[in-house]
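Colleague: I've got this chain open in the viewer and would like a quick tour. Can you take my questions one by one?

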Amino acid sequence: MAVALKNFASAPSAATPTTLYTCPASTTAVVGDLTICNRSATATTYRIARRLLGAALADAHYLRYDITIDGNGSDTISGITFVATDVLEVY
């Protein structure tokens, strides 16, 4: 089995769910670490969802929902697994 390492960086809109990654067809994937960074001095919240098989976003897809992150702070989530067409969405 081939292993491909990838490093993604994104600064998504703060006002809408944004697709960060879609697992390609015939592929499985593991996100080793997902780091969320608040570049503002003011506390804010974030959401992380894994849309199974590319389904429309639903409450059951959220891994984290409205988690508070301090100003200039960060948080890390580890070990999110994906199968083909799963979508990682951030807000």
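Colleague: How many helices and strands does the chain have?

Modeller: Keep in mind that this is a predicted model. Going from the N terminus, the elements run β-β-β-β-β-β. So the tally, with strands taken as DSSP runs, comes to 0 helices and 6 strands.

Colleague: What radius of gyration does the chain have, and what would a compact globule have?

Modeller: The C-alpha atoms fill a box of roughly 45 × 30 × 20 Å along the principal axes. For 91 residues, a compact globule would come out near 12 Å, and the chain agrees with that at 14 Å.

Colleague: What share of the contacts between residues at least 6 apart in sequence joins residues at least 24 apart?

Modeller: A contact here means heavy atoms within 4.5 Å. Take the contacts between residues at least 6 apart in sequence; the part that joins residues at least 24 apart is 74%.

Colleague: Which strands do Y21 and F82 lie in, and how are their rings arranged?

Modeller: The structure holds 2 aromatic pairs. In the pair of Y21 and F82, the ring centres are 5.8 Å apart and the planes are at 75°. Y21 sits in strand β1 (residues 18–22) and F82 in strand β5 (residues 74–82), so the pair ties together parts that are 61 residues apart in sequence. With planes over 60 degrees apart counting that way, the arrangement is edge-to-face.

Colleague: Where is V83 found, and which residues is V83 in contact with, leaving aside neighbours within four places in sequence?

Modeller: V83 is in the loop between β5 and β6 (87–90). V83 has a relative accessible area of 40%, so V83 is partly exposed. Leaving aside neighbours within four places in sequence, the contacts of V83 are C23, T27, T28 and L53.

Colleague: And what separates the C-alpha atoms of V83 and I69?

Modeller: Along the chain, V83 and I69 are 14 residues apart.

Technical notes
Residues numbered from 1 in each chain as written. Predicted model: local features only at pLDDT ≥ 70, side-chain atom pairs only at ≥ 80, totals over all residues. Heavy atoms only, no water. Helix = DSSP H or I, 4+ residues; strand = E, 2+ residues; numbered from the N terminus. Rg over C-alpha atoms; globule rule 2.2 N^0.38 Å. Phe/Tyr/Trp six-rings, centres within 6.5 Å; stacked < 30°, edge-to-face > 60°. Buried < 20%, exposed > 50% of the residue type's maximum accessible area, 1.4 Å probe, protein only.
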